Amino acid sequence: MTDFLLELRSEEIPARMQDRAREDLAKLFTAELAKAGLQPGALQTYATPRRLVLIARDLPAQTAAVSEETKGPKTSAPPQALEGFLRKTGLTREQLVERDGILFAVIDKPGRATADVLAAAIPAIVRAFPWPKAMRWGAASTTMESLRWVRPLQGIVALFGDGVIDCEIAGITSGAATVGHRFHHPHVITIGSANDYVEKLRACHVIVDQAERRQIIALGATMAARKAGLELVQDEGLLSENAGLTEWPVPLLGRFDEAFLEVPPEVIQLTARVNQKYFVCRSADGALANAFICTANIDAADGGAKIVEGNRKVLAARLSDAKFFYETDLKVPLEEQAAKLDRIVFHEKLGTVADKVDRVAKLARWLVEEGIVTSSAPLPLAGGAAGGPVPLADAASADGPSPNPSRKREGDLSRAELADLAERAARLCKADLVTGMVGEFPELQGLMGGYYAAAQGEHPAVAAAIRDHYKPVGQGDDVPTDPVTVAVSLADKLDTISKFFEIGELPTGSKDPFALRRAALGIARLIQQNQIRIQLRPILAGQVMIGDASPDMHEIVRISFWSQTWAEIQHAYAWGQPHNAYPEPLESLPVTVDALLDFFADRLKVQQREAGVRHDLIDAVFALGGEDDLVRLLARVRALQGFVGTEDGANLLAGYKRAANILKKEGFGTSAPAVTPAKAGVSAAGAHPENHETPAFAGVTVEESAGSHTAPSYTPEPAETALATALDAAEPAASAAIAREDFEAAMAALATLRAPIDAFFESVIVNDPEPAKRTARLGLLDRVRAAVHNVADFSKIEG
Amino acid sequence: MTDIVTDRPLSFQGMILKLHEYWSQHGCLILQAYDMEMGAGTFHTATTLRALGPKPWNAAFVQPCRRPTDGRYGENPNRLQHYYQYQVILKPSPSNLQELYLGSLAAIGIDPLVHDIRFVEDDWESPTLGAWGLGWEVWCDGMEVTQFTYFQQMGGFDMKPVAGELTYGLERLAMYVQNVDNVYDLAFNDAGVTYGEVFHENEVEMSTWNFEVADTDSLFDQFRKHVAECENSLAAKLPIPAYEQAIKASHVFNLLQARGVISVAERQAYMGRVRDLAKGSCQAWMDKNAEGWKAEYPAWSAA
């Protein structure tokens, strides 16, 4: 068994592509070998900025020999059959083997040398490599067929054992030679085999293993911080990125002017991280320290003094820009900034950001005034005081550190006061989009608004709402609980979703340029976390008239608010700047509110699946139609999940399915799922559109089917009577329970039907030749189905 | 790579002379700046037009660049509305382009075992020129000193073959080499003349004119006339004059931007206009030369 080494050396591979490239290399290599029937032992891949490496252990010298046998005619067969077989196999009669009176053609395929397989596999892998962005280069690029690689490919080391696998791609011939570190060891080095590769390169200032480089950076940065009496702010993303930018990483700590600490710590951290790929540190009190850690790619002759000094200067220039923006922004009241939002197009069909803000402000106020968002919502945990040292979160967490200017709980605020605060926060919540700082760092939207609001003396709840109204952003992100924030966040997302659906901008497949899925999930999480009782249908349908919000259409430029902020647009339009592609217009279709609720159901299913809730149960409840109160919906789903897990539940489900099957066969159409969106509290106009289908009973009139309520014209069997009696009791009990939202009790009422249904099916023949009996019994089954549908559409439940 | 040891860092002009000498030694034509206002060295015909087609082309030149909106009245230590780029264009891109580039850094006194030189992913795109490429921004101790690009398309045409483009930010590089924090403190020569003495007044006056004085009616009129003249030249099948008019229109547009008289809505329309002119000029250049190129390089095709 022999080891194989492949090194594909190129000009610097973007750091962000290296991990994926290792996976692709392993995948392509395995696939190429599998075609020849080879399976390597262990596979190891490495990536550095300049090389992509694969080591495959324990390959045989040859692929296995294969002997293929083809059955031919009997010896007694006519000569034409034999001739045909010989023609087919290309053999002579003498080469055939005779066994038990039958002729066989035996073709031996000898094993191929693994070296040959590899020699063919390497060019195939290189040509098929799926780089996210590839390029052509050099003299060969006179034609479009020239090799494409992420950056110019410079060399190939291919060693099987200690022998070179000869191959050639685009003028690059494989060999045993590579180069060491770009500056420490630019000369050619010769690799002996897979076994000395890593160590030979280490001797030439190249740490091949990305995990080891990460570790060196993590440890070096931690030690450098500790030596300065500080603590490193952990950042996994930066570790990977720096490991992908270096072959010989050397973390170095530098200091910046303390005066810059007046700028919010998030801004400093972001500048250092995004623009310069530096780590930051915190001091003993948890506040950001005036230190940065850069990762050099050399062991500098002077110990790194010049490197640190150079990096300090670059950071200082960036921080003075940031400080300038911050101080300039502070001089302009947020109202004044907000007034400029009418210059930014939100979406060509939806008017400007100012239009959106106006809608959101009205909706946020309405949510409070209607008592949907109340101050009795769970209160936020007490946060740090504004202006004090802010503990820096490790960047590994989903979102950055945030100040919490909210000092006072809003539990004692009146509804009117709360409504005023919600509207105020909403009116200012997008104002920071036109500030210099957010123009420079779009990621800081919300956060900067929060700082500026606190600085101009807004109510802490308003500042907190401005800061947090984009939340929750990701799955792991905190869900706001402060009522003012909840109102603004909910209003913002509801407006987004309903408006984009209104103009038919739906997410399709992987395309969701306006992040509508995230908004829907955010709404669902806000509602659950805060147990907000709200009927989504009228709001999403735009039936809640809360003021004129017709979009101003005077702007022409099409701007996607989420994929491009104002700042990015500015950059995009600046002369000679890189161009940001505008999102492709999506298919525009008229969208119904039902489609919107389905969209919510899908998001909810995805979210609930992770929480262990069965998606078919959510379907079963959504299938009732009209349920748009997520809190009630989920309560119902939970009760249902509990119920179908019991023996009664499982049996009732079986009985229901049997009844439904018979009804279906007999032409009883789908009975209308009974919907009871009975929750009061929201008195919105048009809240309950009557859009349920009228039951369509083919062959049986509705009057006929109303079996139990009219006295049967025959003597019913005891099981029929028992079922009718049970239904008479269960129906009102279930309905009453549902009306008071006691879904466990509704399930219990249904459970009483289980035994009578079982007995009914055991002793009663539904399909009686006598039409009166048949009709009456079908009517009973229909009542069972209807009673069950009162709780959930059991036909959607699996099992 | 040669190790250059100098007692004192190169002056601004000394650095330019060094780069000229270096790239001349490596086979480049040393051209002069294009005599028109432009936003980047890439607009020089030695880059845009010469990048097209199969003929080898190696050139280096200094190009003054004008970005009116970057003016700061001479008060910002890093930002200028007029500054210099050093451009090198090599077609086809040589296989040792990175080494050649690093050699040029060594030539102006940057020791890669003392300074941390890095190639950081940065893809370049100019919608105005219908051009894009892959490459890096080159970092020296965390500062971007060069844009290094392998052009893949120019004027909407695939590069056949690909050209390598190096764009050095001369003032930044000089500030680095001279260890100076303010651009106006740069030593322009070795006889005590500073960059500020040469250009500070220029920055103050030009910022004032760009932002406050330039007559916008006249600028709008100029824009229209350059557009018309470009079309006139295209009709006469004269790609170079057409391209010059496109460059002029583009600069006038930049001035209008600095005057703040182009709304967000109009901006895209203006940019689209300039892009069409530039692409039309490239198209005309291709049309005019394709036959000759094809005769000389039978394997080459425009499409």
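Begin by selecting chain A, where 73% of the contacts with a separation of 6 or more are between residues 24 or more positions apart; two residues are in contact if their C-beta atoms, placed from the backbone, lie within 7 Å. This is a predicted model, in which local features need pLDDT of at least 70 and side-chain atom pairs count only at pLDDT 80 or more, while totals for chains, interfaces and linings use all residues. Residues are numbered from 1 along each chain as its sequence is written, and chains are lettered from A and ligands numbered from 1 in the order in which they are written.

**Chain A**

Of the 799 residues in chain A, 47% are buried, and a residue is buried if 20 or more other C-beta atoms lie within 10 Å of its own, exposed if 12 or fewer, and partly exposed in between.

Next, select A:Ala487, one of the residues that touch the most other members of the largest nonpolar core, which has 299 residues. Such a core is a set of buried Ala, Val, Leu, Ile, Met, Phe, Trp, Tyr and Cys residues joined through C-beta atoms within 7 Å. Leaving aside neighbours within four places in sequence, A:Ala487 is in contact with A:Ala364, A:Leu367, A:Val368, A:Val373 and A:Ala422.

Now move to the open sheet of four strands in chain A, whose order is β13-β15-β16-β14, with antiparallel pairing. Its edges are β13 (231-232) and β14 (250-255) of chain A, each with a single partner strand, so one side of each is left without a neighbour in the sheet. Two strands pair if DSSP finds at least two bridges between them, and three bridges join β15 (residues 279-282) to β16 (residues 288-296) of chain A; look there for A:Val280, which stands opposite A:Phe292 in β16(A).

**Chain B**

Turn to chain B and select strand β6 (residues 131-140), eight of whose 10 residues are buried, so this strand is largely enclosed by the rest of the structure. Which strands pair with β6(B)? Strand β4 (residues 117-121) of chain B pairs with β6(B) in the antiparallel sense over five bridges, and B:Ile117 has B:Cys140 as its bridge partner in β6(B). Strand β5 (residues 124-126) of chain B runs antiparallel to β6(B) and is joined to it by three bridges; in the hairpin of these two strands, with four residues between them, B:Gly130 takes a positive phi near 60°. Strand β7 (residues 143-154) of chain B pairs with β6(B) in the antiparallel sense over nine bridges, and here B:Gly135 stands opposite B:Thr149 in β7(B).

**Where the chains meet**

Finally, show both chains and select their contact, which takes 45 residues from chain B and 41 residues from chain A. On the side of chain B that touches chain A, β4, β5, β6, β7 and α8 (264-296) of chain B each supply at least two residues, and α8(B) gives the most, with five residues. If you colour this side of chain B by residue type, the residues divide into 23 nonpolar, 12 polar and 10 charged, where Ala, Val, Leu, Ile, Met, Phe, Trp, Tyr, Cys and Pro count as nonpolar, Asp, Glu, Lys and Arg as charged, and the others, Gly among them, as polar.
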